[in-house]
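Dear colleague,

I am passing on a structure for you to look through, and below it you will find notes on what was found. Please read them with the structure open beside you.

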Amino acid sequence: MNYVKSKQRVADHGEVFTPAWLVEAMIDLVKDETERIDARFLEPACGSGNFLVPILQRKLAAVERKFGKSNFEKQHYALFAVMCTYGIELLADNIAECRANMLEIFADYLTLDESDELYRAAIYVLSQNLVHGDALKMRTSDGQPIAFAEWGYLGKGKFQRRDFRLDSLAMSSTFSVEGSLFAHLGKHEIFTPTRTYPPMTVSELAARAAEANL
Ligand SMILES: C[S@@+](CC[C@H](N)C(=O)[O-])C[C@H]1O[C@@H](n2cnc3c(N)ncnc32)[C@H](O)[C@@H]1O
């Protein structure tokens with residue numbers, strides 16, 4: 001594997017990729033979380049997914065162990081595993097590679113192709129969760145505040161979505177500090193979603209991919 005694409009990109013963006021052995025050692029530090037389907041991971045400089053891909057692989061291994069015998073549950077929990085991985089990346093080619101790498105892992109696990117609704121639902125989820133933007137400025141590449149979808153699996157094929165702005169999520173720890181102006185407030189009073197969606201099925205998520213021309 002090449003750890004750099006060009007000297008210029010290293011100088012401009014600090015783009016040096018992490019070797020697989022080091023990624024494995026690092027994510028082993030939170031091994032239990034990586035093996036939990038609903039543990040949420042955000043990689044704020046995700047490159048082409050050197051961390052997110054093995055995290056998704058571990059989550060999918062957990063899906064197989066827990067739900068491997070039921071195709072319906074396996075498919076929905078595998079999509080939920082994708083929903084619990086998030087990334088931000090400054091460079092357009094890297095974020096495109098990251099989405100493609102994640103999609104490939106998901107599609108291989110469920111033996112899907114482009115004609116499958118689940119495949120297109122995953123394209124939609126990845127377009128929402130893997131953001132082309134600046135993690136320091138907390139803005140997308142077109143200057144909007146970054147917002148992330150909090151997905152939940154309600155069972156029976158339905159997913160819930162609520163969106164939260166990254167800048168308010170990042171303030172979370174500040175608000176929790178004892179003695180701070182906001183410490184007496186419950187988190188729900190400060191962290192309200194910017195949007196709440198009605199429960200959605202895989203078909204509805206796939207339709208959103210089509211609407212967005214993905
Ligand atoms: C050191 S590389 C690491 C990539 C990947 N996490 C890995 O370990 O292989 C840093 C990545 O962060 C991206 N990057 C640099 N500044 C960024 C910013 N402000 N917001 C988001 N991504 C950024 C670069 O384009 C590059 O892909």
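**What was found**

R65 is found in helix α4, which spans residues 52–67, where helices (H or I, at least four residues) and strands (E, at least two) are DSSP runs numbered from the N terminus. Residues are numbered from 1 along each chain as its sequence is written. Please keep in mind that this is a predicted model, in which local features need pLDDT of at least 70 and side-chain atom pairs count only at pLDDT 80 or more, while totals for chains, interfaces and linings use all residues.

Is R65 buried or exposed? R65 counts as exposed because it has 10 C-beta neighbours inside 10 Å; a residue is exposed if 12 or fewer other C-beta atoms, placed from the backbone, lie within 10 Å of its own, buried if 20 or more do, and partly exposed in between. Between R65 and V131 there are 30 Å in space, C-alpha to C-alpha, and the two are 66 residues apart in sequence.

Strand β2 (residues 85–89) is mostly covered, with five of its five residues buried. In a regular strand the side chains alternate between the two faces of the sheet. On one side of β2 T85, G87 and E89 are buried, and on the other Y86 and I88 are buried too.

Strands pair if DSSP finds at least two bridges between them. Strand β1 (residues 41–43) runs parallel to β2 and is joined to it by three bridges, with E43 standing opposite G87. Strand β3 (residues 130–134) also pairs with β2 in the parallel sense over three bridges, and here E89 stands opposite H132.

With best wishes
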